Amino acid sequence: MNEKFEHSSCRAEDLTLYYYRELTGNRRRRMEIHLEECEGCRQELEQMRSTLQDLPPGNPVFAPAEIRAFNERVSRRIRRGFRLPFGVPLGWSAVGAAALLFALTLQSTPPKPDPPSPGAVALQGGKDIENLPDPDLLLNMELLENLDLLQELEGSGLNG
Amino acid sequence: MTGKGSCVYLQGMDICSEKALLARVRAGDDSGFELLVAAYSPRILALAGRLTGDREDAEDIAQETFLRLHRGIGNFRGDSSVATWLYRTATRLAIDHLRRRRLRDRIFFFRRNSEDVDPLDSAPDPGPSPGERLHDQEIRKALDRAMRRLSARQRIVFTLKHFEEIPLKEIAAMLGLEEGTVKSHLHRAVRIIRRELKGLREESS
């Protein structure tokens, strides 16, 4: 954009609209009179024209063969059981089936927890807690298990 | 639009043929719909291509547009022509798509704002070619870059006005916007595109 234009009080948006023939009536006439008097606006309009008039049509361009392939694809989508024989749209029947499944899942009774084993019952008693293995020992065993797992992974080449 | 007997000719199909085809499709004749697709797909594909700048996205949008027409053809009252309906639907789908794409770009490329350059744009261009072809490619790339910098609405308004030559009043109706808003979008879009192409145009002149 040229300096003369930027420093004047000319209406840039009107110039864009003028270029696209979107100014009508009095506003168009005022712009035409203004353009005769204002060199900055004339230059600006010329620069705008030189940039915009040769813009490439924009990507992508579809070849006739691609358009034919597209048409066939749309036709296939329409013919490929878009509707069921009794006229219910496939989309709605899929939604219905999903809703039915969901309702069945909600209504089915959740699995009851297994009755506690005699050992577990025994553990609930305060005395038997003392019989539990040492917590440090449990931690060490866990570390050893992790180490084994790491070695297995290295052996199989999965560990980096 | 041009007169042709008692029928009005509109973008590749006269209104009489269109009405006859619509009646056939409503009666369950899919071959009639295929004729509609064949008549309008070049323009809808081109429009979606310009709006998105991407071949695959354009085909998806165009396909969804036609499928929606097929699904809703029973309710199509014919207040507007099929062409207008298709344009409006494709444009709205493109706006949604562009907004999702902008959001995705921001998330995946951690761009600070919408003005940042897409990293894909700064990647080296394979296969340099000499002279004018190279210059044309540069202009195309610059235009693509500029279009990606526009907001979804700016891009749509610019495309519909500049490439499709649709009056701003119709664009405003199509997008459900005030005409003044559409004018502002057009002006801002032009400013961004000119800024992006300025260096290249000065080089060529």
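Predicted model: local features only at pLDDT ≥ 70, side-chain atom pairs only at ≥ 80, totals over all residues.
Biologist: Where is Arg21(A) found?

Modeller: Arg21(A) belongs to the loop between α2 (12-19) and α3 (25-37) of chain A. Residues are numbered from 1 along each chain as its sequence is written, chains are lettered from A and ligands numbered from 1 in the order in which they are written, and side-chain values use heavy atoms, with hydrogens and water left out.

Biologist: Why is Arg21(A) called exposed?

Modeller: Relative accessible area decides the class: under 20% is buried, over 50% exposed, and in between partly exposed, with a 1.4 Å probe and protein chains only. Arg21(A) has 66%, which is over 50%, so the residue is exposed. Its phi is positive, about 55°, although Arg21(A) is not a glycine.

Biologist: What is the phi of Glu165(B), and where is Glu165(B) found?

Modeller: Glu165(B) also has a positive phi, near 55°, in a residue other than glycine. Glu165(B) is in the loop between α6 and α7 (168-175) of chain B, and its 63% relative accessible area makes it exposed.

Biologist: What makes Lys161(B) count as buried?

Modeller: Lys161(B) has 8% relative accessibility, which is under 20%, and therefore counts as buried. Lys161(B) sits in helix α6 (residues 152-163) of chain B. Contact means heavy atoms within 4.5 Å; beyond its neighbours within four places in sequence, Lys161(B) has contacts that include Tyr20(A) and Glu22(A) from chain A and Ile166(B) and Leu186(B) from chain B.

Biologist: Why is the pair of Tyr19(A) and Tyr20(A) called edge-to-face?

Modeller: Aromatic rings of Phe, Tyr and Trp (its six-membered ring) pair if their centres lie within 6.5 Å; planes under 30 degrees apart are stacked, over 60 edge-to-face, and the rest tilted. The structure holds 4 aromatic pairs over all chains. For Tyr19(A) and Tyr20(A) the centres are 4.9 Å apart, and the planes form an angle of 80°, so the pair qualifies and is edge-to-face. Tyr19(A) is buried at 17%, as is Tyr20(A) at 9%.

Biologist: How do you know that the charged end of Arg55(B) sits over the ring of Phe62(A)?

Modeller: The rule requires NZ of Lys or CZ of Arg within 6 Å of the ring centre and within 35 degrees of the ring normal. The charged end of Arg55(B) sits over the ring of Phe62(A) at 5.1 Å from its centre, which is within 6 Å.

Biologist: What makes the side chains of Arg79(A) and Glu34(B) a salt bridge?

Modeller: A salt bridge is a side-chain nitrogen of Lys or Arg within 4 Å of a carboxyl oxygen of Asp or Glu. Arg79(A) and Glu34(B) are at 2.5 Å, N to O, and therefore meet the rule. This pair crosses between chains, from helix α5 (residues 64-79) of chain A to helix α2 of chain B. Another salt bridge joins Arg73(A) to Glu59(B), with the closest N and O atoms 2.4 Å apart.

Biologist: How many salt bridges are found across the interface of chain B and chain A, and what area is buried there?

Modeller: The rule finds 5 salt bridges across that interface. The buried area, which is the accessible area (1.4 Å probe) that two parts lose on being put together, summed over both, is about 3800 Å², with carbon and sulfur atoms giving 62%. In this interface 44 residues of chain B contact 35 residues of chain A.

Biologist: Why is Ser41(B) called buried?

Modeller: Ser41(B) has a relative accessible area of 0%, under the 20% limit, and so is buried. Ser41(B) is in helix α2 (residues 30-52) of chain B; not counting residues up to four places away in sequence, it touches Ile67(A), Phe70(A), Asn71(A) and Phe66(B).

Biologist: Why are Glu64(B) and Arg68(B) separated by about one helical turn?

Modeller: They are separated by about one helical turn because they are 4 residues apart in helix α3 (residues 55-72) of chain B.

Definitions and conventions. Helix = DSSP H or I, 4+ residues; strand = E, 2+ residues; numbered from the N terminus.
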